[in-house]
Amino acid sequence: MSAPLIVLVGPMGVGKSTVGRILAERLGTGFRDTDDDVVAAEGRSISDIFVEDGEPAFRALEKQAVRAAVAEHEGVLALGGGAVLDPGTRRLLSGLRVVYLSMDVDEAVKRTGLNAARPLLAVNPRKQWRELMEARRHLYEEVATAVVPTDGRTPDEVAQAVLHAL
Ligand code: S3P
């Protein structure tokens, strides 16, 4: 059975897709992102799925997308920021090389605060970020085999740090 070379986890806006593409290029492999897989399978945006069907429906689609990607993809795989909420997904990641790209709340607000396309941050970004980080930090840490802080680093620097951490 094949398995992804590297799985990237971490909060939305931390740069999983940007860093993942850089890593895939450096490693001469492919890049896949479970958010893209859900959007392609559904033919609509993640915001539309949240608004039309609700978060639980999105999580079910995400769970399927993660399972398929882990089974099929051999390159760099980025998971949506909330994928680790699912215990089955966390179990699925055990034994894989999983890198947690971290950032602090100030950095998160700076990077994504005004991005209305992200349904989980629509009301009060700072408060919502603090709650999200508190609820999820330990889940990212639980699945990670390495943690790479991204605060104040460019995507290239983060990719370099990931390669060092492997
Ligand atoms: C989410 C993160 C998003 C996307 C959805 C929910 C989350 O993915 O899956 O908006 O719960 O943190 P990115 O981390 O790729 O932005």
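Analyst: Helix α7 lies across β1, β4 and β5 and runs at about 150° to β4, where helices (H or I, at least four residues) and strands (E, at least two) are DSSP runs numbered from the N terminus. Angles here run from 0 to 180 degrees between N-to-C directions, and axes are lines fitted to C-alpha atoms, for helices over the stretch in contact. This is a predicted model, in which local features need pLDDT of at least 70 and side-chain atom pairs count only at pLDDT 80 or more, while totals for chains, interfaces and linings use all residues. Residues are numbered from 1 along each chain as its sequence is written. Helix α8, residues 155-165, lies across β4 and β5 and runs at about 155° to β5.

The strand to examine is therefore β4, residues 98-102, which is mostly covered, with 5 of its 5 residues buried, because a residue counts as buried if 20 or more other C-beta atoms lie within 10 Å of its own, as exposed if 12 or fewer do, and as partly exposed in between, the C-beta atoms being placed from the backbone. In a regular strand the side chains alternate between the two faces of the sheet. In β4 both faces are covered, with Val98, Tyr100 and Ser102 buried on one side and Val99 and Leu101 buried on the other.

As for its neighbours, two strands pair if DSSP finds at least two bridges between them. Strand β1, residues 6-9, pairs with β4 in the parallel sense over 3 bridges, and Leu8 has Val99 of β4 as its bridge partner. Strand β5, residues 146-149, runs parallel to β4 and is joined to β4 by 4 bridges, with Tyr100 standing opposite Val147 of β5. Further along, β1 is joined by 3 bridges to the parallel strand β3, residues 76-78, and Val7 stands opposite Leu77 there. These pairings belong to an open sheet of 5 strands with parallel pairing, in the order β2-β3-β1-β4-β5. Its edge strands are β2 (31-33) and β5, each of which pairs on one side only, and the twist averages 25° from one strand to the next.

Returning to α7, residues 125-143, its axis and that of helix α6, residues 105-112, come within 10 Å and cross at roughly 130°. That makes α6 oblique to α7, because angles under 35 degrees count as roughly parallel, over 145 as roughly antiparallel, 65 to 115 as roughly perpendicular and the rest as oblique. With contact taken as C-beta atoms, placed from the backbone, lying within 7 Å, Val105, Ala108 and Val109 of α6 meet Pro125, Arg126, Trp129, Arg130 and Met133 of α7. The residues of this contact divide into 6 nonpolar, no polar and 2 charged, where Ala, Val, Leu, Ile, Met, Phe, Trp, Tyr, Cys and Pro count as nonpolar, Asp, Glu, Lys and Arg as charged, and the others, Gly among them, as polar.

Terms used
Two residues are in contact if their C-beta atoms, placed from the backbone, lie within 7 Å.
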